[in-house]
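Here is a short briefing to read alongside the structure. Take a look at the fold before going through the points.

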Amino acid sequence: MNDKLGSENVVLRCQRYEWIDIAKGMAIICVVIGHATVGNHIYDMIYAFHMPFFFIMAGYLLNISKWGNQLNLFIKNRARRLLKPYLLGAMSFAVLYCIVL
């Protein structure tokens, strides 16, 4: 147990909005149902909105104020974190695909 509970050791927690957690959970369930069903009206209905919904939620939850006026730094950071693994995986898949064929 840590007896030093000074102001420098206190971690402020962000308030969680329950409706966001519920909405994300419902979207995840829609993805599972969409992948479990093929070629019916439920499939068409779910695929019409589930990915745009995830993009909207990601934009809503984005804390751009953290980056201030440094939008280019934000983009570089995201590109480094997301594009490098994506490109590595895509190139690995392409090489394996060519070897198998």
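Predicted model: local features only at pLDDT ≥ 70, side-chain atom pairs only at ≥ 80, totals over all residues.

Residues are numbered from 1 along each chain as its sequence is written, and side-chain values use heavy atoms, with hydrogens and water left out.

**Overall makeup**
- The protein has 3 helices and 0 strands, counted as DSSP runs (H or I, at least four residues, for helices; E, at least two, for strands).
- Of its 101 residues, 10% are buried, meaning under 20% relative accessible area with a 1.4 Å probe, while exposed means over 50% and partly exposed lies in between.
- Carbon and sulfur atoms hold 68% of the accessible surface of about 9200 Å², as given by the Shrake-Rupley method with a 1.4 Å probe.

**Helices α1 and α2**
- Helix α1 (residues 18-36) and helix α2 (residues 41-61) have axes that come within 9 Å and cross at roughly 145°; axes are lines fitted to C-alpha atoms over the stretch in contact, with angles from 0 to 180 degrees between N-to-C directions.
- Residues in contact (heavy atoms within 4.5 Å) include Trp19, Ile28 and Cys30 from α1, and Phe49, Phe53 and Leu61 from α2.
- By class, this contact has 18 nonpolar, 3 polar and 1 charged residues.

**Cysteines**
- Cys30 is buried at 17% relative accessibility, whereas Cys98 is exposed at 60%.
- The count of disulfides (cysteine sulfur pairs within 2.5 Å) is 0.

Note on methods
Nonpolar A, V, L, I, M, F, W, Y, C, P; charged D, E, K, R; others polar.
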